[in-house]
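Colleague: Let us go through this model by question and answer.
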Amino acid sequence: MVRILAILLLFALPNAAVARCDGTDLIAKMPEVERAALIARAGNEAFAEGLLWKAVRGETEITFFGTYHFPHEDTQAHLEAVTPYIEAADQVYLEVSNADSAKMERDMAADPSLMFIMEGPTLPDLLGDEDWALFAAEMRARGIAPFFAAKFKPTWAAMMLGIGPCEARSGALEGKGIDMLVGDYAAEIGNPSRSLEDYRDLITMLDSFPMQDQLDMIRMFFAWSGSPDDMAYTLRQRYLAQEVALIWAFSRKMTLDLGGDDAMDDFQLFEQKMLTDRNTSWVERLLRDAAGQKVFAAVGAAHLPGEVGVLRLLQEEGFEVTRLELFQ
């Protein structure tokens with residue numbers, strides 16, 4: 001879950017080169033029967049595979065591209081593949097536009113309480129000595145000083161754990177992902193990106209998770225004995241293979257395996273807040289603001305598949321949904 005939380009959110013930071021991080025594909029390594037069951041579960045989801053889709057109803061045409069928010073080895077190739085759709089669009093949407101991402105960064109600098117605990121117990125107190133020592137070691141592995149990480153709000157701390165150490169050391173937190181590059185290109189051609197949501201609502205939503213659930217997101221990471229670099233590698237490679245529903249199914253399985261008695265309830269709460277509610281809101285905005293327009297929307301890939309994914313929601317509104325080839 002923490003890995004999915006990390007890749008669902010945007011980071012608007014300066015550009016940097018990102019080295020390739022290799023690892024072991026944890027899905028391929030699963031026992032055959034267990035792997036087959038996972039693949040079958042994912043395959044039963046609506047719009048299970050694919051990153052590029054077109055939804056059409058009358059004069060309204062919405063092209064969706066499912067993103068991986070951090071830089072990866074195919075980021076530039078993905079940008080080149082979607083450039084014709086950006087150029088053809090009347091409106092370009094991101095989860096949070098480039099202009100609003102820059103404003104978010106300024107607001108966080110002016111008001112650190114958006115991301116950090118400014119009064120009361122901090123992570124060493126909230127986690128306890130043993131878990132804090134584990135967390136501090138993980139932050140060092142990612143090039144983040146523990147004294148700085150100590151004041152992260154727990155949800156933000158979980159996001160940091162969701163980034164593989166190799167990715168973090170190689171520039172994932174400093175480079176532009178495809179979302180930002182789409183926004184840059186749209187601005188270059190005179191059609192600046194628009195926001196599907198207010199970033200302040202997103203931050204408020206993150207804060208709304210019960211504190212114990214936020215801390216459990218961190219502790220669940222420590223319950224797993226595997227390599228976070230392998231986890232990052234697995235999800236990144238499955239994303240590049242366009243196996244989007246499989247990523248979510250694997251993350252769900254990991255959560256239920258490690259999360260204890262409340263894992264199902266926790267995952268459902270997370271799914272409701274991070275996906276379902278936002279998907280519904282985005283579709284409502286597009287239907288209201290983009291009717292009769294040709295739209296390009298780049299959103300986290302996890303928002304595409306499933307019965308409450310943006311594609312199914314549009315289909316239920318009478319749109320004809322077609323998968324497009326990313327690379328011709």
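Predicted model: local features only at pLDDT ≥ 70, side-chain atom pairs only at ≥ 80, totals over all residues.
Colleague: Is the crossing in which H8 passes H12 left-handed or right-handed?

Modeller: Residues are numbered from 1 along each chain as its sequence is written, and side-chain values use heavy atoms, with hydrogens and water left out. Helices are DSSP runs of H or I with at least four residues, and strands are runs of E with at least two, numbered from the N terminus. A crossing is left-handed if the near helix is turned anticlockwise from the far one by less than a right angle, and right-handed if clockwise; for H8 passing H12 the crossing is left-handed.

Colleague: At what angle do the axes of helix H8 and helix H12 cross?

Modeller: Axes are lines fitted to C-alpha atoms, for helices over the stretch in contact (heavy atoms within 4.5 Å), and angles run from 0 to 180 degrees between N-to-C directions. The axes of H8 (residues 154-161) and H12 (residues 211-223) come within 8 Å, and their crossing angle is roughly 20 degrees.

Colleague: Is Phe47 buried or exposed?

Modeller: Phe47 lies in the loop between helix H2 (32-43) and strand S1 (52-57). Phe47 is not a glycine, yet has a positive phi of about 55 degrees. Buried means under 20% relative accessible area, exposed over 50%, and partly exposed in between (1.4 Å probe, protein chains only). Phe47 has a relative accessible area of 16%, so it is buried.
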